[in-house]
Amino acid sequence: MTAPLPRAVRADELGPPENYALVDHDPGPPAPTQVSISIRAAGISFVDVLTAGGGYQVKPPVPFIPGSECAGVVTAVGAEVAGLAVGDKVVASGWGGMFADATNLPARTVRKMPGALSFAEAAVFPVSYATAWHALVDRGSLKAGETLLVLGAGGATGYAAVQIGKHLGARVIGSASSEEKRALATAGGANAVVDARGDDWRDQVKAANGGKGVDVVFDPVGGEATDPAFRSLAWNGRHLVIGFPGGIAALKTNLPLLKGASLIGVDIRQFGIFEPEKSEANRDTVFALAGEGTLRPAVARAYPLEEFRAAMTDAAAGKSAGRIVLVMG
């Protein structure tokens with residue numbers, strides 16, 4: 001009996017989930033520097049859906065298979081690959097190609113899976129946690145004893161930032177739009193939580209920090225959230241721009257001057273291009289912390305690959321406390 005061909009979610013034109021279909025897709029054998037992976041779970045982020053829709057700042061070539069992070073089992077290794085073997089449980093991240101049963105990826109983008117994580121947890125670990133670590137450590141220089149305000153604290157990178165901020169010894173305030181998300185932020189280690197939709201949001205933040213401004217803002221939200229968050233900074237504060245699903249905000253340039261504060265961009269994709277050695281060292285660190293059980297993502301819902309449209313719609317809505325995952329097999 002012939003084994004069924006692997007499948008992939010693919011579109012010939014970028015657009016909404018309806019543009020995509022589940023089709024037979026055999027990636028073939030790996031190239032000398034690649035490994036073949038039988039994918040068991042793939043994460044879906046807001047950025048994945050934005051990229052699939054053609055709304056990301058860099059548009060991928062078509063035909064396009066979405067998906068930037070996955071976990072699975074190695075089924076074949078290229079002739080030049082060392083350190084990975086058939087049967088290894090691994091995680092990988094890249095730009096597209098992972099909403100599928102199988103894929104071939106450069107071995108340099110593949111790592112052994114932390115033993116403390118399930119396939120679903122591992123699938124949503126690499127990008128969010130590498131982003132949050134790069135933001136807080138490299139760009140924000142967050143120090144023990146400082147106060148970190150995390151916007152979108154129940155989302156992908158926000159929840160990672162809560163856990164990492166706590167690990168670094170900061171006082172963490174999580175801002176989120178629902179009770180469920182605020183409860184998740186608290187479970188992740190937030191010292192206090194505030195209602196992102198409250199009319200008295202700035203007062204809530206100030207009260208949560210003993211009447212003082214915060215040292216670092218982690219902002220993966222943008223839009224109307226950015227201005228009041230920047231205004232909540234203390235002297236020498238740092239506002240980290242991670243993304244803007246809420247829209248691109250306009251900030252008055254007198255604000256950085258008045259607060260002696262900095263607006264700092266965080267781009268994990270370009271960081272990997274321009275500073276590959278530092279990027280890999282960061283990943284070594286967060287993977288080790290995951291292996292110890294210190295860092296662990298939260299999965300809200302898992303959908304079978306056949307229900308990829310519902311999963312993409314769910315991820316785009318941003319209402320879930322925790323991550324959305326596709327599961328294969």
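How are α3 and α10 oriented to each other?

**View 1. Packing of helix α3 against helix α10 in a predicted model.** Helix α3 (residues 126-139) and helix α10 (residues 276-291) pack at an angle of about 110°, with 9 Å between their axes (lines fitted to C-alpha atoms over the stretch in contact, with angles running from 0 to 180 degrees between N-to-C directions). The two helices, α3 and α10, are therefore roughly perpendicular to each other (an angle of 65 to 115 degrees).

**View 2. Residues in the contact of α3 with α10.** On α3 the contact (heavy atoms within 4.5 Å) is made by Pro126, Tyr129, Ala130, Trp133, His134 and Asp138, and on α10 by Lys278, Asn282, Arg283, Thr285, Val286, Phe287 and Leu289. These residues divide into 7 nonpolar, 3 polar and 3 charged (Ala, Val, Leu, Ile, Met, Phe, Trp, Tyr, Cys and Pro count as nonpolar, Asp, Glu, Lys and Arg as charged, and the others as polar).

View 3. Helix α4 (residues 156-167) is mostly covered, since 9 of its 12 residues are buried (under 20% relative accessible area, with a 1.4 Å probe and protein chains only). After α4 comes Gly169, with a positive phi near 90°.

**Notes to all views.** Residues are numbered from 1 along each chain as its sequence is written, and side-chain values use heavy atoms, leaving out hydrogens and water. Because the model is predicted, local features need pLDDT of at least 70 and side-chain atom pairs count only at pLDDT 80 or more, whereas totals for chains, interfaces and linings use all residues.

Notes. Helices (H or I, at least four residues) and strands (E, at least two) are DSSP runs, numbered from the N terminus. Angles under 35 degrees count as roughly parallel, over 145 as roughly antiparallel, 65 to 115 as roughly perpendicular and the rest as oblique. Buried means under 20% relative accessible area, exposed over 50%, partly exposed in between (1.4 Å probe, protein chains only).
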